Each structure stands twice: as C-alpha cells, then as structure tokens.
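Please brief me on this protein chain.

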Amino acid sequence: MTKNDLESLWDVVIAGAGPAGAIAACHLARQGRKVLLVDQIDPAHHKVGESLPGAGLRFLRSVEISLENLPIAHQPLFHQPIPGNISVWGAATPIYQDFLRDPDGPGLRLDRGCFEATLRSAAIAAGAVFREAQIGETVRKQNVWQVVIEGQQQVERARWLIDATGRRAVIARRLGAKKIHDPRLTAIYALGRAATKSPTTTRTLIEATESGWWYAATLPSGEITAGFHTDPERASTFSRDRSKWEVAFHETRLISQHYPKIHFDRPLPALDAGGSALDRVTGDGWVACGDAAQAFDPISSQGIFSSMVGGARAGAFVQTMLDHSDASASESATASAAYVSRLNQIRAAYLAHRREAYRSETRWPLSSFWSQQQSG
Ligand SMILES: Cc1cc2nc3c(=O)[nH]c(=O)nc-3n(C[C@H](O)[C@H](O)[C@H](O)COP(=O)(O)OP(=O)(O)OC[C@H]3O[C@@H](n4cnc5c(N)ncnc54)[C@H](O)[C@@H]3O)c2cc1C
C-alpha cells in the first residue's frame, strides 16, 4: 500500500448514527482510531421512542457524555424527567410504578432529535468525522472495504465496517446474515395536541386491550405521542383508516381518561416493533450492533439503553481486532465468540422477561393477539 493509500484509509466506517453508531464512533475515536460515521439525517423525521430509563443515564455518565450540552437548534426544548408509569396490564386496576425507587433513579423523556444530535456531537468532539449520506454497496478486497457513499460519487476505504443501521440491518443482510423474527408486532403511532391547556401527566401510560397494547406520553415539546402495538393484520387496517385508530384510542380507559381531548394531526408510518436478531452478527471485517444485531419489543423499554451499550461493545471489539490485526485466526475467533456470547446472553434474558410480561396478561384467553405473543 502506498503512503497515500494509507492516509486515505479509515480504520472504521460506521453506517448509522443512531444511539448504537454514535456511541461506537465515540468509543473508537477516543482510542485514536480514524472513524467515519455516515447517516442521512432528516430533521423533519420524527423518530418514535423517547423513554430513556435511569440505566441509560448511568451509562451516559460512565462514558462521560452530558445531555446538558444541547446543540443550539434544540435549546428551547429540554428532556424531562419521567416520574414513573401507570399501567393497566393483567388487571383492570391501574398500577403506579414510581421510578424514584429505581436504583438508577428516574429516566428521561427525550427530545429524541436533540438526544441523537448530542450523541453525534460527542463522537465528533472525540475526533470522528460525520458525513450526511447513506452507505450504498460495500465490497471487500484484500482485507480493505470499498464503501460507496451514495449521492456523493465517492468510494471510501476502510479496514472495518460497523452496521448500526437499526432494524433494517442493511449491511449485515447484504453480506448474507438473516433475520430471526420473534412474534410479529406492528406499532401505529400518531402525534397530537390536547385541545385544552390543562396540564397532562408526565408519567408513561400503558394499557393492554384485547387486540394489543397502547402507549402514551407527553413529549418535552408539549405534543402527545400515542401508539398501538398489535399484529400486522390489524395494524394495516388502522394504517388504511386512521379514524378507526382514533376510535380505538378513545375506547381506552386509562389513556383516554388522561388525554380526553386530543387532536391527532400527525399520523406516523407503521413501524415494525417485534423483537428480532441476526443469525450472524459478525464476519470478516464487519460487525453489527444495536437494533441491527438484535431489536427488542418496545414493552421492554430497553432499546436505546441496550443499543448504546451494544455500540460501546462493538467499538471495543473492533478496537481489539484492529490492535491485533496480525493475530492468528484462532485469536480473532476467540474475540468474536466473546462478542457473540454476550449478545446471546442479553437476548436470552430479554426473551425470558418478554415472555413473562405477555403471560402476565390473562384477561383475554381467546384473543389471537395475546396467544401469539405468549407463545413467543
Ligand atoms: C414503536 C417503538 C417504540 C420504541 N420506544 C422506545 C422507548 O420508549 N425507549 C427505548 O429505549 N427504546 C424504544 N424503542 C427502541 C429504540 O428506538 C431503538 O432500540 C433504538 O433506536 C436503536 O438504536 P440504533 O442506533 O441501533 O438504531 P436506530 O436508532 O434505528 O438508528 C439507525 C440509523 O441508521 C441509519 N441508516 C439506515 N440505513 C443506513 C445506510 N444505508 N447508511 C447510513 N445510515 C443508515 C438510519 O438513518 C438511522 O439513523 C422503540 C422502538 C419502536 C419500534
């Protein structure tokens, strides 16, 4: 390789600058690695998922990322503490769960765009280069990746590639990995505003119904987010006719009581919300992390936290592989096996918790939704 070739060679290209990709970039850049982080950020896109548990804040403190450093564009808004949940699940009586009792303390209701901008800023401050684009084709030749940056007529070269593209797992699937899906779950969300100025609850509301479960919360912007999680067939009925979704929203007991008069003016596209995992999370010069490697049913409330931890682990794994690039095949295999084994442990614990949560709702023994979720 010539001097010029070496200078233009990235240690790592990371596809996706969500929580997993940004944290992986931050980790590797802090170790002095040459990191290119690539994502097409659309400020108009509303990313669903804004409840960060206290454990997520503990993780951010451990990697010295402060959510106080808000990017300028987001200054008027701020993340807000979540005092707890109110849920109707397993019985008609609401259960109050107070996060002050959580050893990690209350979590935060995020302004999600601002949160992700803060993580990207931390990666950039650590020395990563961020490029607004999409990653296209990737080809590996003589241990070097040729990575097409779409729309920029550019090909970047890298020693390692991290797939942090979320549930789509774009890179890993192109490289032959297959998705294993848990029971299918689709989420239909909308954003709205209360018709009156009366204060809304700051707690997260969760309510099980015969054909799925609802989530509702007030965002830091004052908007209300509400989503129904159900099987794909029912979800497509709601997608086609949003008025049916609104009727079902108003038929909830707990949620409609807290949000009696809402005008839903921003219907969001249907989302795949079921758990999934890749059959292969690493291969020759690549690794997947965050939702790309394994995604969780949102009832777990662990997605953002786990993706950040997963990004840090993938960063540490790639760092080890780069440090020992002349290691024997068996040493590399040991490092990959350790990464895979940790992910398998997390998935086993998640599946056990998920099963327990769905099996604790026994009010509708004839419901196909609940029996399907309980069988997974
Ligand atoms: C309905 C629903 C509700 C949820 N609610 C919560 C919640 O309240 N709390 C919680 O903790 N978690 C929640 N989650 C889960 C959480 O949002 C995810 O776990 C988390 O976003 C995963 O982070 P990630 O970085 O792995 O992937 P993502 O956040 O999905 O980021 C992936 C990034 O990759 C980019 N990308 C894709 N393709 C390419 C490409 N070719 N080139 C470059 N970039 C690319 C995308 O633009 C995106 O920015 C929810 C999920 C769902 C479906």
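Here is the briefing, from the whole chain down to single residues.

This is a predicted model: local features need pLDDT of at least 70, side-chain atom pairs count only at pLDDT 80 or more, and totals for chains, interfaces and linings use all residues. Residues are numbered from 1 along each chain as its sequence is written. The chain has 11 helices and 22 strands. Both are DSSP runs numbered from the N terminus: helices are H or I with at least four residues, strands are E with at least two.

**Overall shape**

- The chain has a radius of gyration of 21 Å, which agrees with the value near 21 Å for a compact globule of 376 residues. That radius is taken over C-alpha atoms, and the globule rule is 2.2 Å times the number of residues to the power 0.38.
- Along the principal axes, the C-alpha atoms fill a box of roughly 70 × 45 × 40 Å.
- Of the 376 residues, 41% count as buried. Buried means that 20 or more other C-beta atoms lie within 10 Å of the residue's own; exposed means 12 or fewer, partly exposed is in between, and C-beta atoms are placed from the backbone.
- Take the contacts with a separation of 6 or more: residues 24 or more positions apart account for 72% of them. Two residues are in contact if their C-beta atoms, placed from the backbone, lie within 7 Å.

- Strands of a sheet pair through backbone hydrogen bonds, either parallel or antiparallel. Here, two strands count as paired if DSSP finds at least two bridges between them.
- β1 pairs with strand β11 (residues 154–163) in the parallel sense, over 6 bridges. Trp-10 stands opposite Ala-158 in β11.
- β1 also runs parallel to strand β2 (residues 35–39), joined by 4 bridges. Val-13 has Leu-36 in β2 as its bridge partner.
- From β1, the chain crosses through helix α2 (residues 19–30) to β2, a right-handed β-α-β crossover. Right-handed means that, with the strands pointing away from the viewer, the path from the first strand over the helix to the second runs clockwise.

- β12 and β19 (residues 276–278) share 3 bridges. Ile-180 has Ala-277 in β19 as its bridge partner.
- Another open sheet of 3 strands has the order β3-β7-β4, and its pairing is antiparallel. β3 and β4 (80–82) are the edge strands.
- In β7, the bridge partner of Pro-81 is Leu-108.

**Around the ligand**

- The ligand is surrounded by 35 residues, and the closest are Gly-16, Gly-18, Gly-166, Gly-290 and Gly-303. A residue is near a molecule or strand if its C-beta atom, placed from the backbone, lies within 6 Å of it.
- α2, β2, β3 (51–52) and α9 (303–323) are the elements that give two or more residues to this shell. α9 gives the largest share, 4 residues.
- The shell divides into 17 nonpolar, 14 polar and 4 charged residues. Nonpolar covers Ala, Val, Leu, Ile, Met, Phe, Trp, Tyr, Cys and Pro; charged covers Asp, Glu, Lys and Arg; the others, Gly among them, are polar.

- Val-170 lies in helix α5 (residues 170–174).
- Val-170 counts as buried because 20 other C-beta atoms lie within 10 Å.
- Beyond its neighbours within four places in sequence, Val-170 is in contact with Ala-15, Asp-163 and Thr-165.
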